[in-house]
Amino acid sequence: MAVLYRSDAARGAAWARFFAEHAPDLDFRVWPDAGNLADIEYLIAWQAPPEFIASLPRLRVLFSSGAGVDHVDFSALPAHVPLVRMVEPGIIDGMVEYVSLAVLALHRDFFDYVAQKSSRSWNPIEVPPASSRRVGVMGLGSLGTAVLERLAVYGFRLRGWNRSARTLAGVETFSSAEQLRPFLEGSDILVCLLPLTAETQGMLNREVFAALPAGASLINVGRGPHVVDADLLAALDSGRLSRAILDVTDPEPLPAGHPFWGHPRVFVTPHVASMTQPETAAPILLDNIRRHRRGDFLVGMVDRTKGY
Ligand code: GLV
């Protein structure tokens, strides 16, 4: 029985150190030193190409090394092999930091002052209190929930939309396609933390931008394909939306000629909002392997019919 890590090479060493110290009974291997592939029962991977999955005859669980699983070809994964996404405090903390930074930057007109500095202008912009700024988060999983909890500290008016109904203290929640519009109509800053599925692809489109209050802003920390780029550019150019902060794009890296780069009201970061941290993720993964070995449920199981 062996565990194979096949993801970010630099961080593989940290994973291996953790397993050597805390689970010396487990044969933990780091790609490309995979040894005999017939030994591999647990795979921790980001990219798991179908031909590689097919080369692991004893695979029992596939763990995504990230929070998302949209890069996994479900049809290549045998039905008896569960897929587990990464739910770990390091990813959650990173996302909470990034979204707080982005929401506060928008709330406090930070990008206007960046522009003012380059033109040497001194023009104070009036700031409404946080209690009158409405922040709407789409996707109320572990990340969306943690983001809303932290934003509550600043006093923002909070709302959340989720495919299925959720109740969160201090948050006005909406669910299903019917309640999308009323949710959007009251979101001055819209944060996308949805999983990417066939249903959510292209969801941030013309209709959604038209339903937001005039001058609203978008923060996308989901996946690039959630956004219809041409619709976003049109909404920014017409003034319907005031700004977009995008940590994810389609494709990645964003090509040098893409209009987002040069757009004065689009801010792009290279998919860095949040990353799995070996220090906090490895203990959770080890616990999940132990759970699987004693026949317990796994934390972070993906429902393949839903795609997340
Ligand atoms: C990053 O995007 C992840 O899915 O962890």
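1. H271 is placed in the loop between β12 and α10 (278-293), where helices (H or I, at least four residues) and strands (E, at least two) are DSSP runs numbered from the N terminus. In this predicted model, local features need pLDDT of at least 70 and side-chain atom pairs count only at pLDDT 80 or more, while totals for chains, interfaces and linings use all residues. Residues are numbered from 1 along each chain as its sequence is written, and side-chain values use heavy atoms, with hydrogens and water left out. Phi of H271 is near 55 degrees, a positive value in a residue other than glycine. At 28% relative accessibility, H271 counts as partly exposed; on this scale buried means under 20% relative accessible area, exposed means over 50%, and partly exposed lies in between (1.4 Å probe, protein chains only).

2. H271 also belongs to the residues around the ligand, which are W46, G66, A67, G68, R223 and H271; a residue is near a molecule or strand if one of its heavy atoms lies within 4 Å of it. By class, this shell has 2 nonpolar, 3 polar and 1 charged residues, where Ala, Val, Leu, Ile, Met, Phe, Trp, Tyr, Cys and Pro count as nonpolar, Asp, Glu, Lys and Arg as charged, and the others, Gly among them, as polar.

3. An N or O atom in the side chain of H271 is 2.6 Å from an oxygen atom of the ligand. Taken alone the ligand exposes 190 Å², and the protein buries 85% of that; accessible areas come from the Shrake-Rupley method with a 1.4 Å probe, and for residues only the protein chains shown count as cover.

4. The structure holds 9 aromatic pairs, for which rings of Phe, Tyr and Trp (its six-membered ring) pair if their centres lie within 6.5 Å, with planes under 30 degrees apart counted as stacked, over 60 as edge-to-face and the rest as tilted. In one of them, the rings of W31 and F52 have centres 5.1 Å apart and planes at 80 degrees, so the pair is edge-to-face. This pair links distant parts of the chain, with W31 in the loop between β2 (27-30) and β3 (40-45) and F52 in helix α2 (residues 50-54), 21 residues apart. W31 is partly exposed at a relative accessible area of 35%, whereas F52 counts as buried at 7%.

5. A tilted aromatic pair is formed by F111 and F267, at 4.8 Å centre to centre and with 45 degrees between the planes. It too links distant parts of the chain, F111 lying in helix α4 (residues 110-118) and F267 in strand β12 (residues 266-268), 156 residues apart. F111 counts as buried at 15% relative accessibility, while F267 is partly exposed, with a relative accessible area of 38%. Elsewhere, ring pairs link F18, F19 and F28 into a cluster.

6. Two arginines deserve a check against aromatic rings. R6 lies over the face of W31, at 4.2 Å from the ring centre, and the charged end of R291 sits over the ring of F297, 4.6 Å from its centre; a charge sits over a ring if NZ of Lys or CZ of Arg is within 6 Å of the ring centre and within 35 degrees of the ring normal.

7. A cis peptide bond joins W31 and P32, with omega about 10 degrees, and P32 is found in the loop between β2 and β3. Another cis peptide bond joins D250 and P251, with omega about 5 degrees, and P251 has its place in the loop between β11 and α9 (259-262). D109, although not a glycine, has a positive phi of about 55 degrees; this residue is found in the loop between α3 (89-107) and α4 and is buried, with a relative accessible area of 14%.

8. R243 lies in strand β11 (residues 241-246) and is buried, with a relative accessible area of 14%. The side chains of R243 and D112 are joined by a polar contact of 3.4 Å, that is, a pair of N or O atoms within 3.5 Å, of which, within protein, one must be able to donate a hydrogen and the other to accept it, and residues adjacent in sequence count only if both atoms are side-chain atoms.
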